[in-house]
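Open the model in your viewer and keep the selection tool ready. The tour goes from one selection to the next.

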Amino acid sequence: QVQLVESGGGLVQPGGSLRLACAASGFTFSSHAMSWYRQAPGKERELVAAIGSGVGSTNYADSVKGRFTISRDNAKNTVYLQMNSLKPEDTAVYYCNAARTIGGIRYNYWGQGTQVTVSS
């Protein structure tokens with residue numbers, strides 16, 4: 001059974017930091033690209049950061065470049081999102097995603113989400 005369990009969300013003041021974690025099980029973690037998405041109220045879900053399965057190449061949304069860092073620990077089957085210099089506009093539910101294409105079939109898994117609120 002595939003599971004992605006996010007943790008680390010919460011309430012933080014502007015300028016503060018949070019570290020999200022996503023613990024994966026039920027699939028070959030090291031073979032999947034991992035991503036963090038977020039969805040704010042009334043907005044579409046958007047990609048925040050992604051890390052590849054191989055050498056772990058990363059990419060980020062322009063809005064978080066220089067502030068957020070995605071990393072993965074294949075030994076722990078966990079992907080992280082370090083979020084620094086948080087802004088009120090970072091407030092959203094953050095979702096972990098695992099993806100892999102095998103034989104032309106796209107396998108896509110989602111976590112349940114964790115709330116991040118940036119407010120004074």
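Where is the place of Tyr107? Select Tyr107: its place is in strand 10. Strands here are DSSP runs (E, at least two residues), and helices (H or I) need at least four, with numbering from the N terminus.

Some ground rules before the next stop. This is a predicted model, where local features need pLDDT of at least 70 and side-chain atom pairs count only at pLDDT 80 or more, while totals for chains, interfaces and linings use all residues. Residues are numbered from 1 along each chain as its sequence is written, and side-chain values use heavy atoms, with hydrogens and water left out.

**Surface patch**

Stay on Tyr107. Its relative accessibility is 32%, so Tyr107 counts as partly exposed (buried is under 20% relative accessible area, exposed is over 50%, partly exposed is in between; 1.4 Å probe, protein chains only). Together with Tyr107 they make a nonpolar surface patch of about 250 Å². Patch members have over 30% relative accessible area and no salt bridge; nonpolar side chains (Val, Leu, Ile, Met, Phe, Trp, Tyr) are joined within 5 Å, like charges within 9 Å. A salt bridge would be a side-chain nitrogen of Lys or Arg within 4 Å of a carboxyl oxygen of Asp or Glu. Areas come from the Shrake-Rupley method with a 1.4 Å probe, and for residues only the protein chains shown count as cover.

**Aromatic pairs**

Next, the rings. The structure holds 2 aromatic pairs. Rings of Phe, Tyr and Trp (its six-membered ring) pair if their centres lie within 6.5 Å; planes under 30 degrees apart are stacked, over 60 edge-to-face, the rest tilted.

Select Phe27 and Tyr109. This pair is tilted, at 5.3 Å centre to centre and 40° between the planes. The pair links distant parts of the chain, 82 residues apart: Phe27 is in the loop between strand 3 (18-25) and strand 4 (33-39), Tyr109 in strand 10 (residues 105-110). Phe27 is buried at 14% relative accessible area, whereas Tyr109 is partly exposed at 21%.

Now take Tyr37 and Trp110. Why is this pair edge-to-face? The ring centres of Tyr37 and Trp110 are 4.9 Å apart and the planes stand at 65°, so the pair is edge-to-face. Tyr37 lies in strand 4 and Trp110 in strand 10, so parts 73 residues apart in sequence are tied together. Tyr37 is partly exposed at 21%; Trp110 is partly exposed at 35%.

**Charges over rings**

Select Arg19 with Tyr80. Arg19 lies over the face of Tyr80, 4.0 Å from the ring centre. The criterion is NZ of Lys or CZ of Arg within 6 Å of the ring centre and within 35 degrees of the ring normal. Then select Arg72 with Phe29: the charged end of Arg72 sits over the ring, 4.6 Å from its centre.

**The loop between strands 7 and 8**

Asn74 lies in the loop between strand 7 and strand 8. Beyond its neighbours within four places in sequence, Asn74 is in contact with Phe29 and Ser30 (heavy atoms within 4.5 Å). Its relative accessibility is 34%, partly exposed.

Move to Asn77, in the loop between strand 7 (68-73) and strand 8 (78-83). Asn77 is partly exposed at 27%.

**Last stop**

Select Ser35, in strand 4. Ser35 is buried, with a relative accessible area of 8%.
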